[in-house]
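Dear colleague,

Here is the structure I promised to pass on; please have it open while you read the notes that follow.

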Amino acid sequence: MTKLLSQLRAFNEKLAIGAGLLLLLSVCVTLYDVIARPFGLSIGGTDELSGYAMAIVASWGVSYALTCLAHVRIDIVRAGGGQGFRAWFDAVAILSLAVVAATIAYRAWPVLERSIANNSTANTTLETPLWIPQTLWLAGWAWFAISAVVVAFAVLLFIVRGQYDDIEEFAGSRGEA
């Protein structure tokens, strides 16, 4: 199980790099547009495209935050207990996160489904078919749900086996360095 979680962490790191590159591309396009406007060379729609980029990056980025232990916790409560208490505290935290992630992914599907059914486009000059950014957005939330469920399952397995150090490594809290 630790090998699977290590692979999940490594894959999410690659996704985070991809998300960062998408943000960088968004910045470059916006920067070009701002500089080109006075010369009549504006490409337009950069606000729309950067909005899509932000939504996509956010939905994919939470999986990276999950596997690098960056999600917020009330560490003062967690730090007050022993290793077993912290393991159960982490289990409750990750199970809660998995439920929330799965709920968001489940509730995001009707948004995409409605856009596809209605052939919805953005009410902008680009008239972007909304299914394109929404598919990438939903895929990010679905991946987050899958990642969270895998980590939650692993944590429960680690609790049963008494592998508290593994819980600390894959679902604990980074704390302040």
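Arg73 is found in the loop between helices H2 (46–67) and H3 (75–79), where helices are DSSP runs of H or I of at least four residues, numbered from the N terminus. This is a predicted model, in which local features need pLDDT of at least 70 and side-chain atom pairs count only at pLDDT 80 or more, while totals for chains, interfaces and linings use all residues. Residues are numbered from 1 along each chain as its sequence is written, and side-chain values use heavy atoms, with hydrogens and water left out.

The C-alpha atoms of Arg73 and Ala93 are separated by 7.9 Å, although the two residues are 20 apart along the chain. Leaving aside neighbours within four places in sequence, Arg73 is in contact (heavy atoms within 4.5 Å) with residues including Phe89, Asp90, Ala93 and Gly172.

There are two salt bridges, each being a side-chain nitrogen of Lys or Arg within 4 Å of a carboxyl oxygen of Asp or Glu. In one, Arg37 meets Asp33 at 2.9 Å, N to O; Asp33 is buried, with a relative accessible area of 1%, whereas Arg37, at 47%, counts as partly exposed (buried means under 20%, exposed over 50%, partly exposed in between, with a 1.4 Å probe and protein chains only). In the other, the closest N and O atoms of Glu168 and Arg86 are 3.8 Å apart. Glu168 lies in helix H6 and Arg86 in helix H4 (residues 83–117), so this pair ties together parts that are 82 residues apart in sequence.

Best regards

How values were computed. Helix = DSSP H or I, 4+ residues; strand = E, 2+ residues; numbered from the N terminus.
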